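Good morning, and thank you for making time for this presentation. Please look at the sequence and the structure before we discuss them together.

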Amino acid sequence: MGDKPVISRVVRAAAIAAIGCSLAAPSAQAQSFTDRFKNLFGGGSSEKPAVTAPAEVTGEDDLSCPPVTVRAGAATFKVGAPGKEPVGNDLRYQATIGKIARECTINGGEITARIGIQGRVIAGPAGAPPSVQVPLRIAVVQGGIGEKVIATKAYQTTVSMSEGSSVPFVLVAEDLVYPAPPGAVSDSYLFYVGFDPQALKPEPKPRKSRHR
């Protein structure tokens, strides 16, 4: 009879511990995602100019993940005052790319690329709006004589400029999918990233067919 209170306390303690573990699970999952995200950018906090990341072997079947680089002429995005060129005192803001990284996985003969882009938006003399849309494009290209675009996709991310005159931004694209290249052809593949103002324009609506 004297042991029952002790047993009850042990049972209650075990139940409380189980509830605590169930509540902590989402936090552990969130931390895991954060760790993977930090690893994608090498874990450093200092911002350095974007450089080409060499090809890596990752995933199954010795998958070669192509190198990633910023396309020439697409490393900076500038916006000027209405009707003005984005130069001098007419510059409203400009965005630059600081870091790039990528991961690849293969499944059923298709490669899914996870591309990370880290950069910064800086307000200009003409004054930036409260928020800006940063247009980016990612492409996988087969290099050589006459480059061949294998897959390309446009992205946008919104940056709130109310936090200051120099605001960082991050975009992680996880849905660029393309067919796995055969054999040595994979050595000629590479990822291009860069700003693309065309990404801000809405896609044309499909024309409605006329019924006679």
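What is before you is a predicted model. Its chain has 212 residues, and 31% of them are buried. The secondary structure consists of 1 helix and 10 strands. If we take the contacts between residues at least 6 apart in sequence, 68% of them join residues at least 24 apart. The chain exposes about 13,400 Å², of which carbon and sulfur atoms supply 55%.

Next, confidence. The average pLDDT of the chain is 76, and 65% of the residues score at least 70. Residues 4–34 have a pLDDT below 50, and this stretch has 1 contact in the model beyond near neighbours in sequence. A further stretch, residues 44–49, also stays under 50. There the model has 10 contacts beyond four places in sequence. Where pLDDT is low, the predicted coordinates should not be read in detail.

I come now to the charged side chains. How many salt bridges does the structure hold? The structure holds 5 salt bridges. One of them pairs Arg-114 with Glu-103, at 3.5 Å from N to O. Arg-114 belongs to strand β6, residues 110–123, and Glu-103 to strand β5, residues 91–107, so this pair ties together parts that are 11 residues apart in sequence.

Is Arg-114 buried or exposed? With a relative accessibility of 11%, Arg-114 counts as buried. Glu-103, by contrast, is partly exposed, with a relative accessible area of 34%.

Arg-114 also forms a salt bridge with Glu-174, where the closest N and O atoms are 3.4 Å apart. Glu-174 lies in strand β9, residues 166–179, and Arg-114 in strand β6, so this pair ties together parts that are 60 residues apart in sequence. Glu-174 is partly exposed, at a relative accessible area of 46%.

Another salt bridge joins Asp-175 and Lys-153, whose closest N and O atoms are 2.7 Å apart. This pair links distant parts of the chain, with Asp-175 in strand β9 and Lys-153 in strand β8, residues 148–160. The two are 22 residues apart. Both partners are partly exposed: the relative accessible area is 37% for Asp-175 and 33% for Lys-153. Through shared partners, salt bridges join Glu-103, Arg-114 and Glu-174 into one network.

Let us turn to the aromatic rings. The count comes to 5 aromatic pairs. Among them is the pair of Phe-77 and Tyr-93, which is edge-to-face, with 6.4 Å between centres and 65° between planes. Phe-77 lies in strand β4, residues 76–80, and Tyr-93 in strand β5, so placed that the pair links distant parts of the chain, 16 residues apart. Both of these residues, Phe-77 and Tyr-93, are buried.

How are the rings of Tyr-178 and Tyr-189 arranged, and what is the angle of their planes? Their centres are 6.1 Å apart and their planes are at 35°, so the pair is tilted. Tyr-178 is in strand β9 and Tyr-189 in strand β10, so the pair ties together parts that are 11 residues apart in sequence. Tyr-178 counts as buried at 2% relative accessibility, and Tyr-189 counts as buried at 7%.

One aromatic cluster is formed by Phe-77, Tyr-93, Phe-169 and Phe-195. An aromatic ring also meets a charge: the charged end of Arg-71 sits over the ring of Tyr-192, 3.9 Å from its centre.

Finally, two residues in loops. Gly-124 is found in the loop between β6 and β7, and at 17% relative accessibility it counts as buried. Which residues does Gly-124 touch, not counting those up to four places away in sequence? They are Leu-91, Arg-92 and Tyr-93. From Gly-124 to Ser-166 is 42 residues in sequence and 9.6 Å in space, C-alpha to C-alpha.

Ser-186 lies in the loop between β9 and β10. Ser-186 is buried, with a relative accessible area of 15%. Leaving aside neighbours within four places in sequence, Ser-186 is in contact with Ser-64 and Pro-181.

Thank you for your attention.

Notes:
Residues are numbered from 1 along each chain as its sequence is written. This is a predicted model: local features need pLDDT of at least 70, side-chain atom pairs count only at pLDDT 80 or more; totals for chains, interfaces and linings use all residues. Side-chain values use heavy atoms; hydrogens and water are left out. A salt bridge is a side-chain nitrogen of Lys or Arg within 4 Å of a carboxyl oxygen of Asp or Glu. Helices (H or I, at least four residues) and strands (E, at least two) are DSSP runs, numbered from the N terminus. Buried means under 20% relative accessible area, exposed over 50%, partly exposed in between (1.4 Å probe, protein chains only). Contact means heavy atoms within 4.5 Å. Accessible areas come from the Shrake-Rupley method with a 1.4 Å probe; for residues, only the protein chains shown count as cover. pLDDT is the predictor's confidence in each residue, from 0 to 100. Rings of Phe, Tyr and Trp (its six-membered ring) pair if their centres lie within 6.5 Å; planes under 30 degrees apart count as stacked, over 60 as edge-to-face and the rest as tilted. A charge sits over a ring if NZ of Lys or CZ of Arg is within 6 Å of the ring centre and within 35 degrees of the ring normal.
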